[in-house]
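Here's a quick briefing to read alongside the model. Have a look at the sequence and the fold, then we'll walk through the charged pairs, the helices and the packing.

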Amino acid sequence: MRLAERAPKAWGDRLAVVDGERRWTWSALERETDRVVGFLQQHGVVAGDRVALLADRSAHTIAALRGILRARAIAVPMEPQGPLLRQVSIIEDAEPKVVLVGKR
């Protein structure tokens, strides 16, 4: 079992992520990651599918990346501040099954 999989069990109540005022323990990060995995599964994402992630650096982005990896999908990170035509081009090239848009 990898450290990323063991950490929530071993360090459940310890601080995992600090994002401004947001503070998540390993247990909270695990719950958010599970929510992302469930969303991806509901939308038909399977191992090897590409999932685009248009998000700033945040606690939610960490959970989204963990969820994508746990679903055995391929993360396609995108810069939200990047030019719109670049974002469209990435989506056209990558043909992701799902595009996740980050929140703060």
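Let's start with a charged pair: Arg 66 makes a salt bridge with Glu 30, and their closest N and O atoms sit 3.5 Å apart. That pair ties together distant parts of the chain, with Arg 66 in helix H3 (residues 59–70) and Glu 30 in helix H2 (residues 26–42), 36 residues apart. Both Arg 66 and Glu 30 are buried, where buried means under 20% relative accessible area, exposed means over 50%, and partly exposed is in between (1.4 Å probe, protein chains only). A salt bridge here is a side-chain nitrogen of Lys or Arg within 4 Å of a carboxyl oxygen of Asp or Glu.

Some ground rules: this is a predicted model, so local features need pLDDT of at least 70 and side-chain atom pairs count only at pLDDT 80 or more, while totals for chains, interfaces and linings use all residues. Residues are numbered from 1 along each chain as its sequence is written, and side-chain values use heavy atoms, with hydrogens and water left out.

**Overall layout**

- The protein has four helices and five strands; helices (H or I, at least four residues) and strands (E, at least two) are DSSP runs, numbered from the N terminus.
- Going along the sequence, the pattern reads α-β-β-α-β-α-β-α-β.
- Of the protein's 104 residues, 39% count as buried.
- The accessible surface comes to about 6,900 Å², and 53% of that belongs to carbon and sulfur atoms; the areas come from the Shrake-Rupley method with a 1.4 Å probe, and for residues only the protein chains shown count as cover.
- Among contacts with a separation of 6 or more, 66% come from residues 24 or more positions apart, a contact being heavy atoms within 4.5 Å.

**More salt bridges**

- Searching the whole structure turns up six salt bridges.
- Glu 30, Asp 34, Arg 66 and Arg 70 are joined in a salt-bridge network.
- Arg 35 and Glu 32 also pair up, at 2.6 Å from N to O; both belong to H2 and are three residues apart, about one turn of the helix.
- An α-helix has 3.6 residues a turn, so residues three or four places apart point the same way.
- Lys 97 bridges to Asp 49, with the closest N and O atoms 3.7 Å apart.
- This one links distant parts of the chain too: Lys 97 is in the loop between helix H4 (84–94) and strand S5 (98–101), and Asp 49 is in the loop between H2 and strand S3 (50–54), 48 residues apart.
- Lys 97 is partly exposed, with a relative accessible area of 46%, while Asp 49 is buried at 17%.

**Helices H2 and H3**

- For H3, the 12 residues should span 16 Å, which agrees with the 17 Å between its end C-alpha atoms.
- The buried residues of H2 include Trp 26, Leu 29, Val 36 and Leu 40.
- In H3, the buried residues include His 60, Thr 61, Gly 67 and Ile 68.
- Each helix is followed by a residue with positive phi: Gly 44, near 80 degrees, after H2, and Arg 72, near 60 degrees, after H3.
- At the start of H3, a side-chain oxygen of Ser 58 comes within 3.3 Å of the backbone nitrogen of His 60.
- Ser 58 itself sits in the loop between S3 and H3 and is buried, with a relative accessible area of 8%.

**Nonpolar packing**

- In soluble globular proteins, nonpolar side chains tend to be buried together.
- The largest nonpolar core has 12 residues, among them Val 36, Leu 53, Ile 68, Ala 73 and Leu 100; a core is a set of buried Ala, Val, Leu, Ile, Met, Phe, Trp, Tyr and Cys residues joined through side-chain atoms within 4.5 Å.
- H2, S3, H3 and S5 are the elements giving two or more residues to this core.
- A second, separate core of seven residues includes Trp 24, Ala 28, Ala 59 and Ala 63.
- Leaving aside neighbours within four places in sequence, Ala 73 is in contact with Val 45, Val 46, Gly 48, Asp 49, Val 51 and Ile 68.

Note on methods. The expected span of a helix is 1.5 Å times one less than its number of residues. A polar contact is a pair of N or O atoms within 3.5 Å; within protein, one must be able to donate a hydrogen and the other to accept it, and residues adjacent in sequence count only if both atoms are side-chain atoms.
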